[in-house]
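Here is a short briefing on the structure below.

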Amino acid sequence: MRFLILIFSVITLFSCNKDYTKKMKRGQWRGELMVNGHKDLPFNFEVTGDHSLKILNGEEVILVDEINYNNDSVFIKMPVFEGYFALKLTKEGLKGSYINEDMKMNLPFKAFYNSKERFEIVKAPTTDISGDWEVVFSPNSNQDYVAKGIFKQDGQRVTGTFRTEIGDYRYLEGVVNGNELKMSAFDGSHAFLFVATVTDSTLNGTFYSGNSWSAAFNGIRNENFELPDAATLTTMRADAENFNFSFPDEKGQTVSLTDERFQNKVVVVQLMGTWCPNCLDESVFFSEYAKLNSDKAIEFVALAFENAKTDSLAFESIRRLKDRLGIEYPVLLAQYGSADKVEAQKKLPMLAQVISYPTTIFIDKKGEVRKIHTGFNGPATGEKYTAFKAEFEMFVNELLEEPGVVSEVVSAN
């Protein structure tokens, strides 16, 4: 219903008396979102059909297949996240807005056909930033945080990402013009733009995102820099006896860790949100793993913390995520109206804190928490993602080999 209302609203807003029959031209396009009120964030996309396109970020390809036309109006719905484009066909290409109501985002947007360059190439690069960097965002403030920049440069073209303690900034793509680095990503939910002055050993720049957010950052080349261990950041309360949950699924059925389906099995609990790109990456991995290992004594369950204003809208997002990714394990609604982490901790009081979405809790066959992994480093992190998958499988296999609870058998004499 919400989707139909949005379509009707867009059609009403942009329709005119002329009967336009043209559609977006097939081929390469360059889109520009205006972030922070004045910065153009470019990204590339390819229109592959009247009702389909691909958003391109480095190696990432996001398939979009919900495109509707009415006269000169175009409505483009993102495949998993709540964002959508309300656009108008013009002589130059497209013009309108990207809107994400849950994230309170409304960004001006324009796009140009047959424009392939993400950023304009002006000067030859003065340095090659390939390698690992130790980076601090919002330095000299009470909101500072560290990150690891991972970049690969080929001529002027740069790909890579920033890894933080709680996840990565997705597939970034850009260029080095002279001594200026520009990188961007748009994943259907988050819009990221990084601009920096670079030397062979330093980065100094600004990170822009959303309607008005920005943060300074600086970095130094450091091939030996590593972030804190993700398994040490989130902990159980010292007085907590065990981990438990009891929340409804999209069918209205309450699911609890004490249910029979979880007994004597390894249980992987995912704290996530349908709005969260790193959660999406993790959900893809978990869904594929669960299907390939359905014969083993392991269960997955996700606890969703949603920004949607009502539970019905939150469940709508959950159903959409499950359908799009083919998730077969339960995704339960733990919280709606806000994804605030302080409030999330109140829903799970046995945790000392909730630092990040996603957070993954590993529970053994006896019901004991064996590890809590904060954040998720997805495919954009390359070797780190490969290492994570190997570590995940090795740890889960160790838990699977352990004995469960031995049932007591009472015999009569």
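**The salt bridge at Arg-170**

The side chains of Arg-170 and Asp-281 meet in a salt bridge, with N and O 2.4 Å apart. The model is predicted. The rule finds one salt bridge across the interface of domain 2 and domain 3. Arg-170 also stands out in its backbone: its phi is positive, about 70°, although Arg-170 is not a glycine.

**Domain layout**

- The protein chain is divided into domain 1 (27–113), domain 2 (131–221) and domain 3 (246–401).
- Between the C-alpha centres of domain 2 and domain 3 the distance is 28 Å.

**Interface of domain 2 and domain 3**

- In this interface, 13 residues of domain 2 are in contact with 16 residues of domain 3.
- The size of an interface is often given as the accessible area lost when the parts come together.
- Domain 2 and domain 3 bury about 1100 Å² between them. Carbon and sulfur atoms hold 51% of that area.
- Which three residues supply more than any other three of the area that domain 2 buries against domain 3? They are Ile-166, Asp-168 and Arg-170, with 46% of that area.
- Seven residue pairs are in polar contact across the interface of domain 2 and domain 3, both residues at pLDDT 80 or more.
- On the side of domain 2 that touches domain 3, β12 (157–164) and β13 (167–168) each supply at least two residues.
- Strand β12 gives the largest share of that side, three residues.
- By class, the side of domain 2 that touches domain 3 has three nonpolar, five polar and five charged residues.

**Backbone exceptions**

- Most residues other than glycine have a negative phi, and most peptide bonds are trans.
- Arg-170, with its positive phi of about 70°, sits in the loop between β13 and β14 (172–177).
- A cis peptide bond joins Tyr-357 and Pro-358, with omega about 0°.
- Pro-358 lies in the loop between α4 (341–347) and β24 (359–363).

**Salt bridges in the whole structure**

- How many salt bridges does a search of the whole structure find? The search finds 22.
- Asp-50 forms a salt bridge with Arg-26, and their closest N and O atoms are 3.9 Å apart.
- This pair links distant parts of the chain, 24 residues apart. Asp-50 is in the loop between β2 (39–49) and β3 (52–57). Arg-26 is in the loop between α1 (2–14) and β1 (27–35).

**Aromatic pairs**

- The structure holds 45 aromatic pairs.
- Why is the pair of Phe-376 and Phe-388 edge-to-face? The ring centres are 5.0 Å apart and the planes stand at 85°, and planes over 60 degrees apart count as edge-to-face.
- Phe-376 lies in the loop between β25 (369–374) and α5 (383–401), and Phe-388 lies in helix α5, so the pair ties together parts 12 residues apart in sequence.

Conventions. Residues numbered from 1 in each chain as written. Heavy atoms only, no water. Domains from an automatic or database assignment. Contact = heavy atoms within 4.5 Å. Buried area = accessible area lost by both parts, 1.4 Å probe. Salt bridge = Lys/Arg side-chain N within 4 Å of Asp/Glu carboxyl O. Polar contact = N/O pair within 3.5 Å; in protein donor to acceptor, adjacent residues only side chain to side chain. Helix = DSSP H or I, 4+ residues; strand = E, 2+ residues; numbered from the N terminus. Nonpolar A, V, L, I, M, F, W, Y, C, P; charged D, E, K, R; others polar. Phe/Tyr/Trp six-rings, centres within 6.5 Å; stacked < 30°, edge-to-face > 60°.
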